[in-house]
Amino acid sequence: MVKQIWEGRWIRYACLEASGTRGGILLMWDARAWMGEVLEIGSYTITCKFESQTQNFSCHISGVYAPNCYKERRVVREELSSVRGLMEGPWAMCGDFNVSRYISEKKNCNRRTKGMREFSDFKEDMELVDMQLEDAAYTWFKGGQQEAASRIDRIVISKEWDDTFNNLKQIPLQRLGSDHIPIPLITGCWERNKSYFKFENWWLQSEGFVDRVREWWSSFSYTGRPDYVLACKLKALKLKLKEWKQEEGGNLGSQRRRLLEQLAELDTERVKRTLTVEETTKKVAVLLECEELVKKDEVSWRQKSRVLWFSTKWQMLTGDITI
């Protein structure tokens, strides 16, 4: 399962197996960047220490999958309280806590329960920072028309993170098959390196791609020695592919954003009212497109992990295509 999620010879992981109604917890990291060590495994939590391989920095991450039972959730707080005494420095807790903190975090809620108050008190006692979830009120939904919804998934950090990182925030991603919304922790910004042309293997799975390349190749007209003609045609083909890559057809990111925007619009409408038959059918079609997109994404990441970039895919230049 780990290889299906993140394949690579440098990937390491720690896990807490699923038990009863509680799902499992999986922590994964790249050993080239982090040295990970399991610090503590409880009934509902797992905590690891991570030391950077490139900088003088270490932190602790606790994965949480709390039970739905009010009394058993106290065990979660006890586990986290005890593990806090074993560490120093930045600490983050992330996962499904199965309880909200405020009335506004639970749909159709009109009173703050004892469980909500105890969870908030625990956060204050541990001196933890509960960052605002941007652009979303809930992280879990139940029912075809989202009859129930609440924010039970979150990332809570210790105050030491503020000394090392700037612009920390947690944002919601579009959910697909799960009834929970994925939440990444974002900090800083990525430096963009100079972009070089790379042939993506997943392009070959795009409908009409080979025919498009054949049409482009036939439209190029150069004279001279065969090696000169070949070089000119390859250069022209690269420009055509770069142009096509900027369009949605050759860009997985654009396709993903389009599909996730459509799902987000439908989910927003489903909160307000019951979806029509046409809207339900559209959602099914969009989800099927997402499945195909995931397959292409897997091909792309497999190619990147093995460093198999080519400026030209020679297999396309055989058969009916001639110089």
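Glutamate 78 is found in helix α2; helices are DSSP runs of H or I with at least four residues, strands are runs of E with at least two, and both are numbered from the N terminus. This is a predicted model, in which local features need pLDDT of at least 70 and side-chain atom pairs count only at pLDDT 80 or more, while totals for chains, interfaces and linings use all residues. Residues are numbered from 1 along each chain as its sequence is written, and side-chain values use heavy atoms, with hydrogens and water left out.

At 54% relative accessibility, glutamate 78 counts as exposed. The classes are buried for under 20% relative accessible area, exposed for over 50%, and partly exposed in between, with a 1.4 Å probe and protein chains only. Between the C-alpha atoms of glutamate 78 and glycine 42 there are 9.9 Å, although the two residues are 36 positions apart along the chain.

For the chain as a whole, the secondary structure comes to seven helices and 12 strands. Of the 323 residues in the protein chain, 39% are buried. Contacts (heavy atoms within 4.5 Å) can be sorted by sequence separation: among those with a separation of 6 or more, 58% are between residues 24 or more positions apart. The accessible surface of the protein chain is about 19,900 Å², and carbon and sulfur atoms hold 50% of that area. Such areas come from the Shrake-Rupley method with a 1.4 Å probe, and for residues only the protein chains shown count as cover.

Six strands form an open sheet with mixed pairing, in the order β3-β4-β5-β6-β10-β7. Its edge strands are β3 (34–41) and β7 (128–130), each of which pairs on one side only. From one strand to the next the twist averages 25°, with axes taken as lines fitted to C-alpha atoms (for helices, over the stretch in contact) and angles running from 0 to 180 degrees between N-to-C directions. Two strands count as paired if DSSP finds at least two bridges between them.

Strand β10 deserves a separate look. β7 and β10 (residues 153–158) pair in the antiparallel sense over three bridges. Along this pairing, valine 129 stands opposite isoleucine 157 in β10, and leucine 128 stands opposite serine 158. β6 and β10 are also antiparallel, with five bridges; there, aspartate 96 stands opposite aspartate 153. All six residues of β10 are buried. Both faces of the strand are covered, with Asp153, Ile155 and Ile157 on one side and Arg154, Val156 and Ser158 on the other.

**Charged pairs around the sheet**

Side chains of opposite charge can pair when their charged atoms come close. The structure holds 12 salt bridges, each defined as a side-chain nitrogen of Lys or Arg within 4 Å of a carboxyl oxygen of Asp or Glu. One of them joins glutamate 160 to arginine 84, with the closest N and O atoms 3.6 Å apart. Glutamate 160 lies in the loop between β10 and β11 (169–170) and arginine 84 in helix α2 (residues 70–84), so this pair ties together parts that are 76 residues apart in sequence. Glutamate 160 is partly exposed at 26% relative accessibility, whereas arginine 84 is buried at 18%.

Aspartate 130 takes part in a salt bridge with arginine 101, at 3.0 Å from N to O. This pair links strand β7, where aspartate 130 sits, to the loop between β6 (91–96) and α3 (114–125), which holds arginine 101, 29 residues apart. Both aspartate 130 and arginine 101 are buried.

Arginine 151 also forms a salt bridge with aspartate 130, the closest N and O atoms being 3.7 Å apart. Here the loop between β9 (148–150) and β10, which contains arginine 151, is linked to strand β7 across 21 residues. Arginine 151 is buried at 5% relative accessible area, and aspartate 130 is buried at 17%. Salt bridges that share partners join Arg101, Glu105, Asp130, Arg151 and Arg154 into one network.

**A nonpolar patch on the surface**

Isoleucine 5 is found in helix α1 (residues 2–5) and is exposed, with a relative accessible area of 55%. Together, Met1, Ile5 and Trp6 make a nonpolar surface patch of about 360 Å². Patches are made of residues with over 30% relative accessible area and no salt bridge, where like charges are joined within 9 Å and nonpolar side chains (Val, Leu, Ile, Met, Phe, Trp, Tyr) within 5 Å.
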